Amino acid sequence: MRIAMIILYLVLAPLLGGLLDGIDRRISARMQRRVGPPILQPFYDVQKLFAKQRIVVTNSQTFLMITYLVLMVFTGCMFYSGADMLMCFFVLSTAGIFLYFAAVVTDSPYSYIGGQRELFQEMCCEPAVLLTGVGFYLLEDTFETAKIVQADRSAIVALPGFFAAFLFILTIKMRKSPFDESTSHHPHQELVKGVTTELGASNLALFQITEWYENILMLSVIALFIINKNPWSIPAAILVVLAAYFLEILIDNTSARMKSGKMLELSWAVTIAAAGVNLLILILVR
Amino acid sequence: MEEREKKRSVVPFGPQHPVLPEPIHLDLVLEDEKVVDVIPSIGFIHRGLEDLVKKRDFNEYVYVAERTCGICSFGHGLGYVEAVEKCMNVEVPIRAKYLRTIWSEMSRIHSHLLWAGLMADAFGFENLFYQCWRLREKNLDLVEMTTGGRLIYSVNKVGGVLKDITPDMQKVILNNLSELEAELRDVYKTFMTDYSVQERTRGVGVLTKEQVHDLGCCGPYARASGVARDIRQLGYEAYGELDFEPVVSNDGDNYARCDVRLREVFQSIDLIRQAIAKIPNGELSVPVKGNPDGEAFIRIEQPRGEAIYYVEGNGTKFLNRFRLRTPTFANIPGMCETMKGCSYADIPLLVVTIDPCISCTER
Amino acid sequence: MPKTRIMAFTWSTLKNLFSKPATKNYPAEPIKYPERSRGHIEIDIEDCISCSMCARSCPTGAITVDRKELTWAINRFDCLACGYCVIKCPKKCLHLVPGYQTPEGEKKEVSFKRPAPAPKPAAAPSAAPKAAGSASAAGKATLNGDIVTMANGKTMDLSKFPAEKKAEILKKLGLDAAPAPKAEAEGKATLEGDIVRLPNGKTMDLSKLPEANREKVLQKLGLK
């Protein structure tokens, strides 16, 4: 069973991720009164990127990007195989460090500042992500996802604050306005392309694919709040995930980008207010 | 207290940068993400247009003057033609003056909407950027209907205008402007009240009234700091017969500049309505005989501020000298002043907020 | 203190989501240009007199006029569609019409050569008034043998008048400035078959003149 889930994740996650990315671009375009690209466009883009000539400043960048991809896939596989959720989140952070290295190893000013902002973004997300793990532990007495999905009730009933905090930092993780600090899906930001400025050809394709894996992983955590023993919870979880995704697209199209300092303030404020209060309540109720 | 040695890096901003509308180069010296010093350099788009007066006769030069810049194009054609008319003592018919005023205001609407879009883009709000430019397309359709071109109007000539705005066209203009105004209210509301936009614009790039006076800034950049100066009040063309007040704000930050420019769009729509209601019948142009001889010097209010046009003729059909002082040139010192001590994320906004038109500045 | 709202643009955005896109599907959908749109220059080549006013007035030098070859060429990629040549043309044979030059793959300049259909129709109507036929496009009177056809269509038979009166009438109508004396003042005319080429560039087709006049013209021009 575990092997099956791992293989399903390995194969389906990039496909679903790319498809969601294409739908995202199409809906965004319609919100802007444009026609938008075809839904399969992200796949065409990645295909084109692999065909381009790779020009890198140093060869270590390729190694670092491959490590980033491998660690991200590893995290997702761990998550889907039912392993310890907190371990998953730590490996996730480690993967982010490799992206930072890949950006700063080039010595380009935009890439360097983008890398710094990437670390800063991680710092903003970490509390909410870790607290999510803690919240599940307090509820189910385990970090293991395999056991959490067998719970009697959906976790969200008892963990609404954690859910709200996680949803808030999802905007940061998915690189959407107002928190698309280190790099963005749109051009024109002050750092040109930030962390991905010096990535090209196959390295950029690897970045893109890793983003798809990461998005699916983040959405899976959202789904984890909903899934329980009842098989009907799975379609319900999918609906909630799609609604959350649509909300992210809407937020992206209705906000300007905030400055990094503000992002830190807001994300920690929401985390402490929502997740922190929920945590206190859980501890008291036990 | 110990002085920590912070690592300084130099970020080359421009001339190619996605957020810049036109090429300007700034060497930004950063400590972490704080800008410590700014070293600007220009000259990437100098084309030697002022020298061309010696090779194109004064009638033909209108077409060159118009093409100094794509955004302020009508203003440049108008300023040049007015300067030559003043030099040759030509009195333009009244209908031509009204037509020029209408086109001038349409040019202002298009320029401010373009700027609003760039500003939205600079603070990362792409949706607002596209909506502003979609509204600008409505304006450009009107311009294309009346003059034949979207950005380069080619309707000015020494002595008057070349084309007329018929009563049918006037009706279409009024309808379309009403639609534009209705949609613009929503955009204006977003610029002024949205939380994330306010985070990026309030308190950023503050210039006080005294600084504006000392640095010589002009146009909406100065009016946002409380200086109520609008060159249209001099009454050139038909402005003397229209009723308006300069749009002023007192805060002097980016938020105030957004406010001033967007309110000026509403003011321009109102001015076009007044002009269309009052436009008299008459000729479009008067024949011009002879060659310009002597000097003339006029000022007009471009969308970006006060532009000064100077021509000197020597009795032949080629002018001796044509000099244009653009508003952006006057505003660049203000921009450099606001950049000192700001954070890196504010740089694109501070550049875009002066509404830079480097192609006019460098000709 | 101004108001602050979170996500103030939401209602517009959702409305946009369910509206038709504002962009046009060009080039699949052809564009309708407004009537006055300045796209490219077209010429009524029959009316052109190769005076080169357009070439001299063009700010970019996109127009080339070759008097000898009777061609009018324009480099559409250089043309700005400013319309100055249209204003300057004395024959009003240039028109600025909608429709832009489509982009092409090579950077090489493409010149659209429009040779005059035949040298005679291109040059003759505005050249010597002695050309055959009724009133020309410019509204001048024309002379055919002894019959003067006025601009308003009426005719006058000069043979009915005495010689001095004839000369007076011809002078008044501007028909006495025959190419022949002018040609003598400026240089020699040349004869090629039936075509007389005058020093000022104008041409005359002798086969259109009646037999009697042909001799007269050739004598006047010093070609006989």
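Q: How much helix and strand do residues 291-363 of chain B have?
A: That stretch is 33% helix and 37% strand, with its end C-alpha atoms 25 Å apart. Helices (H or I, at least four residues) and strands (E, at least two) are DSSP runs, numbered from the N terminus. Keep in mind that this is a predicted model: local features need pLDDT of at least 70, side-chain atom pairs count only at pLDDT 80 or more, and totals for chains, interfaces and linings use all residues. Residues are numbered from 1 along each chain as its sequence is written, while chains are lettered from A and ligands numbered from 1 in the order in which they are written.

Q: What UniProt annotation covers that bit?
A: An unreviewed entry has "domain: NADH-quinone oxidoreductase subunit D" over residues 127-286 and 291-363 of chain B. UniProt positions are in the numbering used here, feature names are shortened, and annotations may be inferred rather than shown by experiment.

Q: And what's the make-up over residues 127-286 of chain B?
A: There the chain is 57% helix and 2% strand, and the end C-alpha atoms sit 47 Å apart.

Q: In what order do β6, β7 and β8 of chain B come in their sheet?
A: The order is β6-β7-β8, an open sheet of 3 strands with antiparallel pairing. Its edge strands are β6 (293-302) and β8, each pairing on one side only. Two strands pair here if DSSP finds at least two bridges between them. On average, neighbouring strands are turned by 10 degrees against each other, direction ignored. For angles, axes are lines fitted to C-alpha atoms, for helices over the stretch in contact, and values run from 0 to 180 degrees between N-to-C directions.

Q: How many bridges join β7 and β8 of chain B?
A: β7 (residues 305-314) and β8 pair over 6 bridges, in the antiparallel sense. V311(B) has F322(B) in β8(B) as its bridge partner.

Q: Which helix packs on that sheet?
A: Helix α10 (residues 327-339) of chain B does, touching β6, β7 and β8 and making about 135 degrees with the direction of β7(B). Helix α2 (residues 73-88) of chain B also lies across β6, β7 and β8, at about 145 degrees to β6(B).

Q: Switching topic: which residues does the "binding site" annotation cover?
A: The unreviewed UniProt entry puts it on E50(B) and L324(B). They span 275 residues in sequence, but no two of their C-alpha atoms are more than 8.2 Å apart, so they gather at one spot.

Q: Where is L324(B), and is it buried or exposed?
A: L324(B) is in strand β8 (residues 319-325) of chain B. It counts as buried because it has 22 C-beta neighbours inside 10 Å. The cut-offs are 20 or more other C-beta atoms within 10 Å of a residue's own for buried, 12 or fewer for exposed, and in between for partly exposed, with C-beta atoms placed from the backbone.

Q: And where is E50(B) found?
A: E50(B) is in the loop between β3 (34-41) and α1 (61-66) of chain B. With 17 other C-beta atoms within 10 Å, E50(B) is partly exposed.

Q: What is E50(B) in contact with?
A: Leaving aside neighbours within four places in sequence, E50(B) is in contact with F322(B), R323(B) and R363(B). On the same terms, L324(B) is in contact with A307(B), Y309(B) and R363(B). Contact is when C-beta atoms, placed from the backbone, lie within 7 Å.

Q: How many residues does each side give to the contact of chain A with chain B?
A: Chain A gives 23 residues and chain B gives 23. The chain A side has 8 nonpolar, 8 polar and 7 charged residues. Here Ala, Val, Leu, Ile, Met, Phe, Trp, Tyr, Cys and Pro count as nonpolar, Asp, Glu, Lys and Arg as charged, and the others, Gly among them, as polar.

Q: How many residues from chain C and chain A are in their contact?
A: That one takes 10 residues from chain C and 11 from chain A. On the chain C side there are 5 nonpolar, 5 polar and no charged residues.

Q: What helices and strands does chain C have?
A: Chain C has 7 helices and 11 strands. Of its 224 residues, 25% count as buried.

Notes
Contact = placed C-beta atoms within 7 Å.
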